[in-house]
Amino acid sequence: MKGFYVLLAAVALIGGGVIWYGSRGAPVATPAASAPLPVAASDGFKGFTLGADSARIEVTEYSDFECPFCASFATVQMPVIREQLIATGKVRWRYRDFPLPSHQYSRYAALAAQCGGEQGKFWEMHDQLFTNHQWAQTGKNPRSLFRDFARAAGLDLDKYDACMDGQRYAGRIQASVQEGEALGVGGTPTFFVNGKRFDGHPTSDAFKSLVDSLTKQTKPRK
Amino acid sequence: MRRRQTIVVLALLGLLVATYLWLYKIGVIGVLQCGTGGCEAVQASRYAELFGVPVAFVGVAGYALLLGVGLVGVQPAFATDRRVELALAALATAGFGFTLYLTAIELLVLHAICRWCVASAVIMTATWVLSLADLRRTPSATP
C-alpha cells in the first residue's frame, strides 16, 4: 500500500512538473493561423470601409488588432479623423488586415472583427478590440473576452460562434496580408492615401493637412 | 484492490490533463503545447463550454470526484464496499458518455483533434472498463 502512495505522489509531482514546464514553451500558432484556410479563401474582398463612396480621397489602413501603435491610433487619432474627415464626406477609410506573425492572437482578433462584419458590425468590433486593448497585453487566451466584445457590439452570438469556429474569413485575412506584402507593408499601421504610401507621422492633423491639400488638387468625381 | 489503485492513478492523470486544459481555458496558461494546433482550435470552439462552464472544468470536477471516491475505495475498510463500486461505475460511465460526446464533436463537427482530449478520452475509457470490471466482481455485502 505504501508503494501505491509513493507512485501516486510521483505521478502528481511529475505531472505537475510537466504542466508547469509545458506552459513555459515557445508560442504555437493561434487557431486562425494554424488551421487550413477555408475553401472560399480569397473572395476578392477589399476591406471594410467608413465614409461616403463619393469621397474623393481614400485612405487604406493596414492594421493589426494586437499592435499597440494601431490601438493608440484607433483610440486617439481615429475619432478626430472620423469627425473631421470621414463624417464630412472628404475621406473614405478602408481597413485591411495585416496581422503580424509575432503577435499570437492578432489573426484571431482579425477573425473576430470579420465575423462582426458578417453581421454588419465590423466597426463596432473594431472599436471593441482596440478600445479594450488590455487583452493584447496579457498573453492570455482572449476567446471569452472576444465573445464579450461581440456581445457588447450587439452581435448574434450563435452566428458569431459559428463564424469563429469555422474560421470563415481566414482566407480573406490571408489575402489581405499577401496584398499588403505586395505593396511593401512591413509593419503596422501602414497607410496609403489614394494608393500612395503615407510615410508621415500618423496623426489626425497630418491626415487633415494632406487631405486638404489633395482636395484642392483633386477634381470632384462625376 | 489493484483495479481500484489503477483507477486512482488514472483519475489523477486525468485530473492533471483536465487541469492543464482548464488553466489554458481561463487564461492562466497562454500557450497550449499541442503540436498540431488542433488543441487550440478545439479549445477556442463554442463546444469548449457547456452552459457557460468550460468543459475542461467539468473534466477537473469529474476526475476529482473519481479520485476522491477511488481514494476512499482503496482504504481497507472500504475494500469490499459495494457503494464504492457503484459510485465509481456511475461516475466513470457518466465520464465515458461525456467523452464519447466530445470525441464525436471533435471528429464530426470541428474536424480537429486535440491530443490532450484524446489522452483524456483514453484515460476515461480505461477507467470505465476497470470500474465495470470492479462492479462485476463478487457482489459483496455492505459492512
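N194(A) is not a glycine, yet its phi is positive, at about 50°. Most residues other than glycine have a negative phi. This is a predicted model, and the angle is a computed value.

Q167(A) is another such case. Its phi is positive, about 45°, and it is not a glycine either. The setting is the loop between helix 8 (157–165) and helix 9 of chain A. Is Q167(A) buried or exposed? Q167(A) is buried, because 24 other C-beta atoms lie within 10 Å and the threshold for burial is 20 or more.

The backbone has a further feature to check. The peptide bond from T188(A) to P189(A) is cis, with omega near -5°. Most peptide bonds are trans. P189(A) sits in the loop between helix 9 (170–182) and strand 4 of chain A.

Now the sheet. Chain A has ten helices and five strands. An open sheet of five strands runs in the order 1-3-2-4-5 in chain A, and its pairing is mixed. Which strands stand at the edges? They are strand 1 (48–50) and strand 5 (196–198) of chain A. Each has a single partner strand, so one side of each is left without a neighbour in the sheet. From one strand to the next, the twist averages 25°.

Strands of a sheet pair through backbone hydrogen bonds, either parallel or antiparallel. Take strand 2 of chain A, residues 57–63. On one side, seven bridges join strand 2 of chain A to strand 3 (residues 91–97) of chain A, and the two run parallel. Within that pairing, I57(A) has V91(A) as its bridge partner in strand 3 of chain A. There is also a link to strand 4 (residues 190–193) of chain A: four bridges join it to strand 2 of chain A, and these two run antiparallel. Here E61(A) is paired with F191(A), its bridge partner in strand 4 of chain A.

Strand 2 of chain A is mostly covered. Five of its seven residues are buried. In a regular strand the side chains alternate between the two faces of the sheet.

Three bridges join strand 4 of chain A to strand 5 of chain A, and the pair runs antiparallel. V193(A) has K196(A) as its bridge partner in strand 5 of chain A.

A helix joins the picture. Helix 3 of chain A packs on the sheet, where it touches strand 1, strand 2 and strand 3 of chain A. The direction of helix 3 makes about 155° with that of strand 3 of chain A. Which elements make the right-handed β-α-β unit? Strand 2 of chain A, helix 3 (residues 68–86) of chain A and strand 3 of chain A make it.

Step back to the whole of chain A. Buried residues make up 39% of its 222 residues. Among contacts in chain A with a separation of 6 or more, residues 24 or more positions apart account for 85%.

How confident is the predictor? The mean pLDDT of chain A is 85, and 88% of its residues reach 70 or more. Over residues 25–40 of chain A, though, the pLDDT is below 50. Beyond near neighbours in sequence, that stretch has 41 contacts in the model.

Chain B is next. Its secondary structure comes to five helices and two strands. Along the sequence, chain B follows the pattern α-α-β-β-α-α-α. Of its 143 residues, 48% are buried. Among contacts in chain B between residues at least 6 apart in sequence, 77% join residues at least 24 apart.

Confidence in chain B can be read element by element. The mean pLDDT of chain B is 84, and 86% of its residues reach 70 or more. Where in chain B is confidence lowest, and where highest? It is lowest in helix 2 (residues 38–43) of chain B, at a mean of 70. It is highest in helix 3 (residues 55–73) of chain B, at 94. The model scores ipTM 0.73 and pTM 0.56.

Terms used: Residues are numbered from 1 along each chain as its sequence is written. Chains are lettered from A and ligands numbered from 1 in the order in which they are written. This is a predicted model: local features need pLDDT of at least 70, side-chain atom pairs count only at pLDDT 80 or more; totals for chains, interfaces and linings use all residues. A residue is buried if 20 or more other C-beta atoms lie within 10 Å of its own, exposed if 12 or fewer, and partly exposed in between; C-beta atoms are placed from the backbone. Two strands pair if DSSP finds at least two bridges between them. A crossover is right-handed if, with the strands pointing away from the viewer, the path from the first strand over the helix to the second runs clockwise. Two residues are in contact if their C-beta atoms, placed from the backbone, lie within 7 Å. Axes are lines fitted to C-alpha atoms, for helices over the stretch in contact, and angles run from 0 to 180 degrees between N-to-C directions. pLDDT is the predictor's confidence in each residue, from 0 to 100.
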